[in-house]
Amino acid sequence: MYVAVKGGERAIENAHRLLAAERRGDPAVPELSLAQIDQQLALAVDRVMTEGSLHDRELAALAVKQARGDLIEAIFLLRAYRTTLPRLGTSLPLDTDRMIVERRISAIFKDLPGGQILGPTFDYTHRLLDFELAEARSDAPSAPAMRREAPEAPDSLPRVVELLDREGLIEGESPGDGGGHVGDLTREPLTLPAKRGVRLQNLARGDEGFLLAMGYATQRGYGRNHPFAGEIRLGEVAVELAPEELGFAVEIATITVTECQMVNQFKGSATAPPQFTRGYGLVFGGAERKAMAMALVDRALRCRELGEEPTSPTQDEEFVLSHSDNVEASGFVQHLKLPHYVDFQSELVLVRDLRAGQGTEPSR
Amino acid sequence: MSYNFAYLDEQTKRMIRRAILKAVAIPGYQVPFGSREMPLSYGWGTGGVQVTASVIGPADVLKVIDQGADDTTNAVSIRAFFARTTGVATTTRTEEATLIQTRHRIPETPLRPGQIVVFQVPIPEPLRWLEPREVETRKMHALEEYGVMYVRLYEDITRHGRVAQTYEYPVLVNGRYLMRPSPIPKFDNPKLDRCPALLLFGAGREKRIYAVPPWTAVKSLDFDDHPFEVEHWDRPCGLCGARGVFLDELIVDDKGGRLFICSDTDYCSRRQASGPGPEPRR
């Protein structure tokens with residue numbers, strides 16, 4: 001009679017089969033390979049790795065494929081896998097000075113040691129649909145040879161903000177407040193106020209769209225912090241681990257990251273002279289927009305530490321950190337699809353009783 | 001590759017059990033825990049699933065309900081998850097279950113000593129709609145500063161002549177902590193009081209666990225002149241004839257025809273099959 005409450009098991013099974021078929025699409029169209037996704041949808045893979053907190057291009061590509069291109073769903077898949085992995089150790093801090101740079105720009109100095117390297121960027125493309133891409137081409141576009149002058153090819157490229165640092169014009173890099181302990185949000189619940197390391201982890205995992213909107217809001221006056229893109233660099237860095245029993249560091253991988261250092265104005269306070277302050281962003285791969293937004297939000301969240309009056313949500317640590325995670329947000333928003341008949345029935349009973357009490361409706 | 005018994009690794013289970021023990025020791029207090037990302041979506045019961053996974057053993061008999069029903073899609077899905085990852089026996093019969101995971105209801109069949117009920121909790125903080133900041137609400141609990149909740153209930157009475165809170169009706173546990181009894185309807189609140197079973201509440205996304213140990217006093221907030229009362233229906237279940245149970249409303253035709261039936265499908269179907277079962281505890 002009332003089929004709605006019966007047959008859940010079969011419905012789920014059929015839904016899964018239907019989903020699998022929809023995911024594959026028309027079987028006459030060749031199936032995507034993980035290598036194709038990795039190579040040709042590389043920025044999707046980068047985003048999934050960044051917000052999924054797991055550096056594994058192949059698994060991220062698999063997640064993108066399985067999620068039918070829904071990147072938040074792919075991030076969720078990767079996270080759910082990541083949570084089952086053992087923690088073997090903590091790497092040494094990445095030394096981005098020693099990055100093999102593919103792109104490196106600064107918006108605050110026209111020229112600087114190491115030079116400006118534009119790299120592979122959409123920035124100056126004209127956003128005209130390239131109809132030639134519509135057809136598969138037999139000849140692959142060739143990359144220009146990277147020209148590296150001998151003196152600039154050393155294994156260290158100083159960061160722009162360090163040039164300011166020498167003059168004392170920018171705040172010193174705080175040594176970190178963790179006392180050597182590396183916090184991990186995926187193991188311990190967030191406590192407030194959060195340490196900066198945990199905050200940065202939260203932002204690195206945070207939803208790109210959310211951070212973009214928050215960062216944008218700071219630019220429009222909600223927690224304004226007068227940012228300049230001090231430096232953005234993209235390239236390969238070594239990941240090093242120093243196992244206790246070895247006593248020295250070994251390189252375990254090289255990964256591509258984008259780092260953004262914002263330089264922000266600061267008028268000074270009772271204890272600090274006027275100087276520039278920092279906002280920091282770091283992401284896997286080429287997720288540059290995310291790195292920049294992250295740096296803006298990081299700086300906004302440092303308001304208390306710098307003695308600035310918090311006046312907007314972008315400076316409100318609890319507001320930002322509690323709502324940045326897209327897997328959590330997506331789950332809670334979408335759980336409204338689940339049955340709520342019991343609570344709704346309670347509300348119906350109440351509303352009918354209240355209306356009956358007011359004489360607006362005859363009692364049942 | 002295969003997963004551990006009940007999916008979670010033993011270290012994680014140990015961490016969750018510690019949180020549960022603390023929660024049992026301080027009834028109604030919300031214990032933060034390192035909630036894991038589960039292979040089902042936040043909002044689908046990740047907190048309840050982690051609690052269940054941490055307490056379930058091979059000898060357990062598991063029942064899973066959503067909205068009181070064993071056969072709603074999410075109940076089916078969670079039951080299948082544990083059947084696959086633990087191989088334990090599952091049941092729909094309330095009295096046969098040693099472990100019951102639920103969303104939004106407490107079964108009509110009286111619970112018994114030795115049973116554990118695990119509630120899926122979306123928002124654990126009873127003061128959340130009055131104060132959105134966790135930093136503040138933790139202080140309010142520490143100082144037992146619950147006046148705002150009484151004011152909120154009082155405002156309802158002045159406006160509507162009664163408390164207009166129908167589910168997640170706030171309770172005071174063991175005379176100390178204000179607790180949000182997950183979103184069960186207030187109809188089920190009296191079942192929390194001095195319940196013989198252990199009641200565990202898991203909020204995965206919010207990373208909190210809390211508990212009501214067996215036989216603990218749980219009082220729904222009220223006033224002397226406006227005592228707490230539950231929903232009532234002026235008709236029995238349309239299928240089994242039960243009275244004094246929570247009824248779901250079905251719309252059965254396009255002329256506004258309604259059918260009211262038990263939300264507890266186990267209770268209802270067995271009354272239909274074998275005549276009236278045990279009367280619900282009120």
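A word on the model: it is predicted, with local features needing pLDDT of at least 70 and side-chain atom pairs counting only at pLDDT 80 or more, while totals for chains, interfaces and linings use all residues. Residues are numbered from 1 along each chain as its sequence is written, and chains are lettered from A and ligands numbered from 1 in the order in which they are written.

Let's begin with the helices, which are DSSP runs of H or I, at least four residues, numbered from the N terminus. In chain A, helix 5 (residues 71-82) packs on helix 11 (residues 326-334) at about 110°, the axes being 9 Å apart; axes are lines fitted to C-alpha atoms over the stretch in contact, and angles run from 0 to 180 degrees between N-to-C directions. So helix 5 of chain A is roughly perpendicular to helix 11 of chain A, a label for angles of 65 to 115 degrees. A:Ile72, A:Ile75, A:Phe76 and A:Arg79 of helix 5 meet A:Asn326, A:Val327 and A:Ser330 of helix 11, where contact puts C-beta atoms, placed from the backbone, within 7 Å.

Next, A:Leu301, found in helix 9 (residues 288-301) of chain A. Is A:Leu301 buried or exposed? A:Leu301 is buried, because 27 other C-beta atoms lie within 10 Å, and buried takes 20 or more. Leaving out residues up to four places away in sequence, A:Leu301 touches A:Arg199, A:Gln315, A:Glu317 and A:Val320.

Finally, the chain contact takes 35 residues from chain A and 44 from chain B. On the chain A side, helix 12 gives the largest share, 11 residues.

Note on methods
Helices (H or I, at least four residues) and strands (E, at least two) are DSSP runs, numbered from the N terminus. Angles under 35 degrees count as roughly parallel, over 145 as roughly antiparallel, 65 to 115 as roughly perpendicular and the rest as oblique. Two residues are in contact if their C-beta atoms, placed from the backbone, lie within 7 Å. A residue is buried if 20 or more other C-beta atoms lie within 10 Å of its own, exposed if 12 or fewer, and partly exposed in between; C-beta atoms are placed from the backbone.
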